[in-house]
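Hello,

Here is the structure I promised to pass on. My notes on it follow below.

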Amino acid sequence: RRDVVTLAMPLLGALIYRAEVDAPASAEIRYRTTAFNGEDDPALNVLAEVLSGKTGRLYKRMVLEDKIATQAGASAGSQKYDGSFSLFAEGVADASPDQLRSVLLEELEKIKQDGITDYELEKVQNQLTADMFRRLEDNFFLLIQLLFYDGLRDWQSMDTAFERIREVSKADVKAVAEKYLVADNRASKLYTRKASAEPEDPELAAFDTQQKQIIQAMLGQMEQLPAEEIPQALEQLQGFKSQAPEEAQAALDYVIGKLEERLAQ
């Protein structure tokens, strides 16, 4: 279980990278951690799961409560000789990357101060170990697992992965947060959406960020259609609309309307 890490230069302070992109505002915070199968690797994986998913702390806080993000989570990315831990969020239309970063750090600080609950630990351990067993049910996926573990350390690591996850305690999770997820070991990537050169369609402004992304993707596909295929595409969309859930109706109506305008032109 001894850690194996590369001899990279240590950071001398937090790094922040900023850029403008043709995408929603987003923030990612990444910390350097430990190699795959290192002593702290299982606890870092448990911590990532506590923060991730629809029932994780970041999604509940940022998407459901504060409504500043469309998605949020964390990941533990251990490699053969080194590793990282990431927190990330993609914002709604009026969110700023600095706002997203601030809330990510707030939720992390809560764990460093108060740790996690018994329920969170048990839930995550059950999820992780169940996933491990499911990947062993089929010979093909067993092959993939053997290659995965052998590439990152050695194939026999697979035999102890289950026990090591079950051995993680609440104190272990709090300890790895305090050990690795500190300011001097932090790099942040903050993306701001570029200002649009064209005013947004007032009808499109009524949709949330996720719906806009879906609509724009559909319209992008429709723009590639030859004129003679537009009637067939319209017919297919109208048939799909009759079976689509209620929350998707308005977005489909918008796309159908734009396609009808193009057909008329």
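Rings of Phe, Tyr and Trp (its six-membered ring) count as a pair if their centres lie within 6.5 Å; planes under 30 degrees apart are stacked, over 60 edge-to-face, and the rest tilted. On that basis, Phe36, Phe148 and Tyr149 make up one aromatic cluster.

Some ground rules. This is a predicted model, in which local features need pLDDT of at least 70, side-chain atom pairs count only at pLDDT 80 or more, and totals for chains, interfaces and linings use all residues. Residues are numbered from 1 along each chain as its sequence is written, and side-chain values use heavy atoms, with hydrogens and water left out.

Aromatics

The whole structure holds seven aromatic pairs. One of them is Phe36 with Phe148: edge-to-face, 6.0 Å centre to centre, 85° between the planes. Phe36 sits in the loop between strand 2 and helix 1, and Phe148 in helix 5 (residues 139–152), so the pair ties together parts 112 residues apart in sequence. Helices (H or I, at least four residues) and strands (E, at least two) are DSSP runs, numbered from the N terminus. Phe36 is buried, at 9% relative accessibility. Phe148 is partly exposed, at 42%. Buried means under 20% relative accessible area, exposed over 50%, and partly exposed in between (1.4 Å probe, protein chains only).

Five strands form an open sheet in the order 1-5-2-4-3, with mixed pairing. Strand 1 (15–21) and strand 3 (69–78) are the edges; each has a single partner strand, so one side of each lacks a neighbour in the sheet. Twist averages 10° from one strand to the next. Two strands pair if DSSP finds at least two bridges between them.

Strand 2 (residues 26–32) runs antiparallel to strand 4 (residues 83–91), joined by seven bridges. Arg30 has Ser86 of strand 4 as its bridge partner, and Ser26 has Glu90. Strand 3 also pairs with strand 4 in the antiparallel sense, over nine bridges. Here Gly77 partners Ser84. Strand 4 is mostly covered, with eight of its nine residues buried.

Helix 3

Helix 3 (residues 97–114) packs on the sheet and touches strands 1, 2, 3, 4 and 5 (186–193). Its direction makes about 45° with that of strand 2. Axes are lines fitted to C-alpha atoms, for helices over the stretch in contact, and angles run from 0 to 180 degrees between N-to-C directions. Buried residues of helix 3 include Leu100, Val103, Leu104 and Ile111. Gly115, just after the helix, takes a positive phi of about 75°.

Cores

A nonpolar core is a set of buried Ala, Val, Leu, Ile, Met, Phe, Trp, Tyr and Cys residues joined through side-chain atoms within 4.5 Å. The largest has 47 residues; Val46, Leu47, Met62, Phe85 and Leu87 have the most contacts inside it. Helix 1 (residues 41–51) gives the most to this core: seven residues. Another core, of 17 residues, lies apart from it; Ile215, Ile230, Leu234 and Leu252 are among its members.

Met62 touches Ile68, Ala89, Leu100 and Leu104, among others, leaving aside neighbours within four places in sequence. Contact means heavy atoms within 4.5 Å.

Asn185

Asn185 lies in the loop between helix 7 (170–180) and strand 5. Asn185 is buried, at 16% relative accessible area. Not counting residues up to four places away in sequence, Asn185 touches Leu11, Arg30, Tyr31, Arg32 and Tyr180.

Best wishes
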